[in-house]
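Take a guided walk through this model.

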Amino acid sequence: MVWMGALLLVLLCIDMGIKQYIEDTFKNDEERDTRIPGIVLRKVHNKGFLLNVLEERPEIVRTCSAAAGVIVVLYDIWLVFKKGKIFRKLGMTLVTAGAVSNIYDRLIRGKVVDYIGFKSRYSFLSRITANLADVYVAVGMVLVEVGIIRKRKKR
């Protein structure tokens with residue numbers, strides 16, 4: 001399963017490289033348009049979970065993040081030794097890349113660097129800012145679920 005490790009490293013480097021670029025070249029809350037309608041780049045720091053939940057309790061955020069990371073890695077190790085399960089393996093590779101990138105930010109930077117923003121007529125959507133690691137986790141979970149559904153249909 002060398003491909004899992006290689007893909008994980010590539011995805012991790014892409015997200016962490018973009019985060020560092022954003023940190024180095026954007027001012028806080030700076031926003032720049034992209035060529036993709038409705039998508040902007042902006043520098044936002046998230047000290048909590050999704051939408052800054054528990055930002056005032058960083059020790060809980062760090063501890064829960066580290067614990068979740070350990071669980072993800074243990075599941076990955078178990079999964080590597082299973083035959084087949086390609087959708088789950090690919091999905092978990094994405095989930096792990098996203099988790100590691102965001103956990104690194106929380107533990108080392110003390111905050112997650114988010115940079116993908118949305119322009120919308122709805123203020124709630126316009127306030128949401130994410131990063132590629134978040135996208136990796138979301139897409140990865142969909143692939144894991146596809147793998148689970150496929151297994152059920154084969155029975």
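Serine 101 lies in helix α3, residues 86-109. Helices here are DSSP runs of H or I with at least four residues, strands are runs of E with at least two, and both are numbered from the N terminus. This is a predicted model, where local features need pLDDT of at least 70, side-chain atom pairs count only at pLDDT 80 or more, and totals for chains, interfaces and linings use all residues. Residues are numbered from 1 along each chain as its sequence is written, and side-chain values use heavy atoms, with hydrogens and water left out.

Is Serine 101 buried or exposed? Serine 101 is buried, at a relative accessible area of 0%. Buried means under 20% relative accessible area, exposed means over 50%, and partly exposed falls in between, with a 1.4 Å probe and protein chains only. Leaving aside residues up to four places away in sequence, Serine 101 touches Leu12, Asp15, Met16, Lys19 and Ala133. Contact means heavy atoms within 4.5 Å.

Now turn to the pockets. A pocket is an open set of points on a 1 Å grid over the protein atoms alone, where a 1.4 Å probe fits, with protein on both sides within 12 Å along at least five of seven lines; lining residues have an atom within 4 Å of a point. Volume is the space filled by probe spheres set on the points, which are joined across faces, edges and corners.

The largest pocket has a volume of about 620 Å³. Its lining holds 25 residues, and Phe49, Leu50, Asn102, Arg106 and Asp134 are the closest to its centre. Helix α3 supplies the largest share of this lining, six residues. The lining of the largest pocket divides into 14 nonpolar, seven polar and four charged residues. Ala, Val, Leu, Ile, Met, Phe, Trp, Tyr, Cys and Pro count as nonpolar, Asp, Glu, Lys and Arg as charged, and the others, Gly among them, as polar.

The second largest pocket holds about 190 Å³ of space. Lys85, Ile86, Phe87, Arg88, Gly147, Arg150, Lys151 and Lys154 line it. Both α3 and α5 give two or more residues to this lining. Helix α5 gives the most, four residues. By class, the lining of the second largest pocket has two nonpolar, one polar and five charged residues.

Finally, step back. The chain has five helices and four strands. From the N terminus, the elements run α-β-β-α-α-β-α-β-α. Of the 155 residues, 34% are buried.
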